Amino acid sequence: MKRIISPSLLAANFGNLQTDCEMINASEAAWLHIDVMDGTFVPNISFGFPVLEAVKKHCTKMLDVHLMIVNPEKYVERFAAAGAGMITFHQEATPHPLEVIEQIRKTGAKVGISINPDVDVQVLEPYVDKVDMVLLMTVFAGYGGQKFIPESYDRIAQLCDIIRRKNANCMVQVDGGVNVANAQSLFDAGVNVLVAGSAVFGAENPKEMIHQLLNA
Ligand code: DX5
Ligand code: ZN
């Protein structure tokens with residue numbers, strides 16, 4: 001499967017998002033990762049529809065929206081209308097993941113499901129053949145700039161096993177603490193999509209960093 005880099009907007013310069021969108025457009029990043037936090041599912045609050053709509057105007061890459069919110073079913077259609085090309089929700093955030101998957105499908109957006117590092121990977125078993133992507137958090141959702149949790153490698157292996165067993169072909173995304181030091185081993189472990197916030201936007205040359213991550 002093709003490698004994808006999805007830089008996380010959370011680490012961008014909010015005073016000038018247009019410039020950062022233009023950098024992404026000119027880069028080898030295929031997607032732009034958009035972290036939506038509600039202050040309830042996670043302690044932090046990030047941004048919502050108006051920011052997503054503004055980014056959609058300037059960014060030519062697919063908007064990979066990561067919902068860290070409770071009751072995702074309340075907002076799926078609005079995120080799709082605001083420009084999301086992929087909508088990823090957390091399994092922990094809803095009692096009805098299958099319904100949310102169907103609901104996202106109906107909007108035409110691609111479907112992702114995610115879990116935090118303390119959730120058993122086995123809970124994903126019923127969903128891997130129904131989604132386009134599984135997002136394994138490699139830090140606890142809520143903040144950028146955290147340290148990668150090394151136990152994540154076992155979790156990636158477990159997930160790849162489930163995907164193989166079920167003959168599914170969903171992508172595997174990881175998010176949190178990704179950088180040039182671990183990018184290669186993550187791809188080798190079976191990850192297809194790397195999210196990187198501080199590694200990209202904190203780099204002296206973000207475009208070059210995206211290139212390095214992709215070719216790690
Ligand atoms: C964390 C977010 C991440 C975050 C990653 O809750 O889901 O997407 O932006 O940031 P880094 O790459 O700095 O760990
Ligand atoms: Zn994220």
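Let's start at Thr 94, which sits in the loop between strand S4 (86-90) and helix H4 (97-107). Helices here are DSSP runs of H or I with at least four residues, strands are runs of E with at least two, and both are numbered from the N terminus. Before going further, some housekeeping: this is a predicted model, in which local features need pLDDT of at least 70 and side-chain atom pairs count only at pLDDT 80 or more, while totals for chains, interfaces and linings use all residues. Residues are numbered from 1 along each chain as its sequence is written, chains are lettered from A and ligands numbered from 1 in the order in which they are written, and side-chain values use heavy atoms, with hydrogens and water left out.

Back to Thr 94. With a relative accessible area of 7%, this residue is buried (buried is under 20% relative accessible area, exposed is over 50%, and partly exposed is in between, using a 1.4 Å probe and protein chains only). A polar atom of the Thr 94 side chain lies 2.9 Å from the backbone nitrogen of His 96. Looking beyond residues up to four places away in sequence, Thr 94 touches Pro 72, Glu 73, Phe 89 and Val 100; contact here means heavy atoms within 4.5 Å.

Now for the loop between S3 and helix H3 (76-82), where Asn 71 is found. Asn 71 has a positive phi, near 50°, despite not being a glycine. Its relative accessibility of 33% makes Asn 71 partly exposed. Another asparagine with a positive phi is Asn 167, at about 55°. Asn 167 belongs to the loop between helix H5 (152-165) and strand S7 (171-175), and at 72% relative accessibility it counts as exposed.

So what holds the zinc ion (ligand 2)? His 33 through NE2, Asp 35 through OD, His 66 through ND1 and Asp 175 through OD coordinate the zinc ion (ligand 2), at 2.0 to 2.3 Å. Asp 35 in strand S2 (residues 31-37) and His 66 in strand S3 (residues 62-68) are 31 residues apart, so this pair links distant parts of the chain. Donors are N, O and S atoms within 2.8 Å of the metal (3.2 Å for Na, K and Ca), and sites may look incomplete because water is not among the atoms. Written along the sequence, the spacing of the donor residues is H-x1-D-x30-H-x108-D.

Why is the arrangement around the zinc ion (ligand 2) octahedral? Because the six donor atoms subtend angles of 70 to 168°. The rule for six donors is that opposite ones are over 155 degrees apart and all others between 65 and 115; four donors are square planar by those limits, or tetrahedral if all angles lie between 85 and 135 degrees, and anything else is irregular. For reference, ideal angles at a metal are 90 or 180 degrees for six octahedral donors, and 109.5 degrees for four tetrahedral ones.

Asp 35 is buried at 4% relative accessibility, and His 66 is buried at 0%. His 33, found in strand S2, is buried too, at 0% relative accessibility. The side chains of His 33 and Asp 175 are joined by a polar contact of 3.2 Å, meaning a pair of N or O atoms within 3.5 Å; within protein, one must be able to donate a hydrogen and the other to accept it, and residues adjacent in sequence count only if both atoms are side-chain atoms. Leaving out residues up to four places away in sequence, the contacts of His 33 include Ser 6, Asp 64, His 66, Asp 175 and Val 195.

Leu 17 is in helix H1 (residues 17-25), and His 58 is in helix H2 (residues 49-58). The two residues are 41 apart in sequence and 8.6 Å apart in space, C-alpha to C-alpha. Leu 17 is buried at 16% relative accessibility, whereas His 58, at 30%, is partly exposed. Again skipping neighbours within four places, Leu 17 contacts Leu 9, Ala 12, Val 51 and Val 55, and His 58 touches Gln 18, Cys 21 and Asn 25.

Finally, the whole chain: eight helices and eight strands. The C-alpha trace spans about 40 × 35 × 30 Å along its principal axes. Of the 216 residues, 54% count as buried. Among contacts between residues at least 6 apart in sequence, 66% join residues at least 24 apart.
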